[in-house]
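Colleague: I have a model to go through with you. Can we take the metal site and then the sheet?

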Amino acid sequence: MILAGDIGGTKTLLGLFDPLTARPHAVHMRAFPTAEFQGLTAMVRDFMTDGQVRNAAISAACFGVAGPVLGSTAELTNVPFKIDAFEVSRAFAIPKVKLLNDLEAMAYAVRVLEGAELQVLQQGEAIRGGNMALIAAGTGLGQALLHNVGGRFVPSPTEAGHADWAARTDRDIAVLRLLIERNGRAEVEDVVSGRGLPNLHRATHSKVCEAGIDPDDPGAPAALTTAALERRCSACVEALDIFVDAYGAEAGNAALRAVATGGVFIGGGIAPKILPALIDGRFLSAFRDKGAMRGLVESVPVKIILNEEAGLLGAAVHAADLAG
Ligand SMILES: [Zn+2]
């Protein structure tokens, strides 16, 4: 058996998988509120008390972490939560334990995802030998590259969500000014993420929000996207339009940076929730708006990952690789 985890600032998913097929099969899964545990070892200990896991011999484990991984340890960006691969290995006698950046883990899922788990946004034509790119807006914004090395896709992490945001329109420039006033600079994640949506709400609401949303409320991101999709407030609709434009443009930037002629995958928790706003042409129009490079990005297959557990699945795929 193998153990996999997707460790987020709010929620962690742990799963026990059977690695005998190309796509590891989940035997047991459980979600944990991350902040209620001191660290990964305590959480795995709790998971091990579940009946399906108690007597399992685990040959390898892999965990995707929403934060930078430094060798065998990692830290979450906003939660004091200790993650130490050696400690997990010793505590549960697991011979191989590996930590990955959460998007790097999700990238390992790409090779086993099935048709029904993907929504095709642009058919394109994948080029043999081409790289792939993954971009995922959830609480934050993650990106990963999948380098094509002799036909095998090797995931590589990035911190691209913290790179500078490229404003493209007068409306974007007004948002950029507001972000610089508030934070001194504007990261892509300040716009294209759950954390970014309240910024767009502030930038578009010069008068009262017709949907009654307070951007400082923790539920604001979900409330804003719902109000926009239901067209209950014109300024919320504008905020979601800016979000979708910026998401499409940044996905196009990821395609250019990686020369991702093998395909661009859109992961993360937000895309499946705003599908109608992503498939109406706005996202692709921004994705393709790359001047002389338009022909290149038009040829790139673009697919939305609908499986919200792709991060956990990817960690399981890599744990199976480790188990050999
Ligand atoms: Zn509104």
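What follows is a short exchange on this predicted model.

Colleague: What geometry does the site of the zinc ion have?
Modeller: Start with the donors: His-205 (NE2), Cys-209 (SG), Cys-233 (SG) and Cys-236 (SG), at 2.1 to 2.3 Å. The angles among the 4 donor atoms are 105 to 119°. Tetrahedral requires all angles to lie between 85 and 135 degrees. So the site counts as tetrahedral.

Colleague: How many residues apart in sequence are the parts that Cys-209 and Cys-233 tie together?
Modeller: The donor spacing reads H-x3-C-x23-C-x2-C. Cys-209 sits in the loop between helix H5 (197-204) and helix H6 (220-229), and Cys-233 in the loop between H6 and helix H7 (234-258), so the pair ties together parts that are apart in sequence by 24 residues.

Colleague: Are Cys-209 and Cys-233 buried or exposed?
Modeller: The cut-off for buried is under 20% relative accessible area. Cys-209 and Cys-233 are both classed as buried.

Colleague: Which are the edge strands of the open sheet of 5 strands?
Modeller: The order is S3-S2-S1-S4-S8, with mixed pairing. An edge strand pairs on one side only. That gives strand S3 (25-33) and strand S8 (96-101).

Colleague: What is the bridge partner of Leu-14 in S3?
Modeller: Strand S2 (residues 11-18) pairs with S3 in the antiparallel sense, over 8 bridges. Within S3, Leu-14 has as its bridge partner Arg-30.

Colleague: At about what angle to S1 does helix H12 run?
Modeller: Helix H12 (residues 310-323) lies across strand S1 (2-7), S2, S3, strand S4 (60-65) and S8. Its angle to S1 is about 145°.

Definitions and conventions. Residues numbered from 1 in each chain as written. Predicted model: local features only at pLDDT ≥ 70, side-chain atom pairs only at ≥ 80, totals over all residues. Heavy atoms only, no water. Donors = N, O, S within 2.8 Å, 3.2 Å for Na, K, Ca; no water. Tetrahedral: all angles 85-135°; square planar, octahedral: opposite > 155°, others 65-115°. Helix = DSSP H or I, 4+ residues; strand = E, 2+ residues; numbered from the N terminus. Buried < 20%, exposed > 50% of the residue type's maximum accessible area, 1.4 Å probe, protein only. Pairing = 2+ DSSP bridges. Contact = heavy atoms within 4.5 Å. Axes fitted to C-alpha atoms, helices over the stretch in contact; angles between N-to-C directions.
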